[in-house]
Amino acid sequence: MQTAHLIYFSPTGTTRKAAEAIAQGVGASKVIHYDLTLPGATFDTVLTEGVAVIGIPVYAGRLPELCLQRLQAIRATRIPAVLVALYGNREFDDALVELRDLSVAKGFDIIAAGAFIGEHSFSTPSQPIAAGRPDAEDLKKAVQFGRQVAGKLRSGNPDTPDMDGHVPYKDRPKFGGKAPQTDVGQCILCGKCAAVCPSGAITVADSVTTDAENCIMCCACTRACDNKARSFTHPWIEEKRAILNKNCAEPKMPEIFI
Ligand SMILES: Cc1cc2nc3c(=O)[nH]c(=O)nc-3n(C[C@H](O)[C@H](O)[C@H](O)COP(=O)(O)O)c2cc1C
């Protein structure tokens with residue numbers, strides 16, 4: 001296999017890690033990144049050769065809306081693709097089948113799919129949810145999965161496997177109105193929070209302002225802040241975090257469909 005097209009949306013980096021490990025296992029001689037995470041990251045392109053690895057995080061059991069929009073511009077002339085859904089140890093619900101349907105419509109032939117686990121965006125040191133995932137064992141499985149994909153590519157079998165999920169997909173809840181806040185006493189106005197925000201919701205001037213209506217709650221800003229000035233303590237999040245910490249403590253294992 002000559003080229004792997006690595007396409008992902010990954011605010012806190014776990015989707016990217018798993019997708020990279022899968023591409024490593026596929027053994028392509030060249031890996032091209034299509035990072036859809038930041039504003040302006042649209043790749044108006046048609047892929048005509050190689051294999052695509054398409055990775056998305058699961059938001060409320062679906063594809064994040066921003067990621068869905070940014071995926072639209074990438075089309076293919078029926079090249080094989082591997083799908084990856086990264087979820088925070090709750091469920092991936094209908095995210096994989098939604099990604100499958102979109103990818104098929106964009107011209108990809110889906111030959112394999114996997115659901116992997118990543119530290120939940122809402123996880124904090126005091127309320128951990130799948131902390132440290134994907135871990136070394138997860139990444140080993142991702143590489144092995146990539147090797148299986150390479151075997152399937154060599155065999156020339158183009159079949160799309162069945163994968164878990166339902167059509168019609170579950171309802172996508174409306175987010176918005178809730179966002180991390182800045183502790184002005186700790187903030188040094190360095191702008192790292194704004195630089196990692198996928199929706200461009202953060203403005204840094206004499207102070208940091210966050211457009212809560214545009215916030216996708218990915219928590220990239222809280223992780224990026226070296227001074228721990230950003231935190232997400234809205235009561236809605238605190239409640240969700242506590243429920244997830246309690247109900248999703250049992251580690252789930254990666255699932256593959258090939
Ligand atoms: C708004 C939102 C909704 C989420 N919904 C789910 C979910 O339904 N199930 C789940 O297991 N994890 C859920 N997560 C957690 C992410 O899927 C998980 O943290 C993922 O690893 C993040 O990927 P990234 O590191 O590439 O950004 C959600 C995260 C956010 C921000």
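In C215, the sulfur lies 6.5 Å from the closest cysteine sulfur, that of C221, which is too far for a bond. A disulfide here means a pair of cysteine sulfur atoms within 2.5 Å. This is a predicted model, so local features need pLDDT of at least 70 and side-chain atom pairs count only at pLDDT 80 or more, while totals for chains, interfaces and linings use all residues. Residues are numbered from 1 along each chain as its sequence is written, and side-chain values use heavy atoms, with hydrogens and water left out.

Searching the whole structure turns up zero disulfides. As for where these cysteines sit, C67 is buried at a relative accessible area of 0%, and C215 also counts as buried, at 11% relative accessibility (buried is under 20% relative accessible area, exposed over 50%, partly exposed in between, with a 1.4 Å probe and protein chains only).

Then there are the rings. The structure holds five aromatic pairs. In one of them, Y87 and F92 have ring centres 5.4 Å apart and planes at 55°, so this pair is tilted. Rings of Phe, Tyr and Trp (its six-membered ring) pair if their centres lie within 6.5 Å, and planes under 30 degrees apart count as stacked, over 60 as edge-to-face and the rest as tilted.
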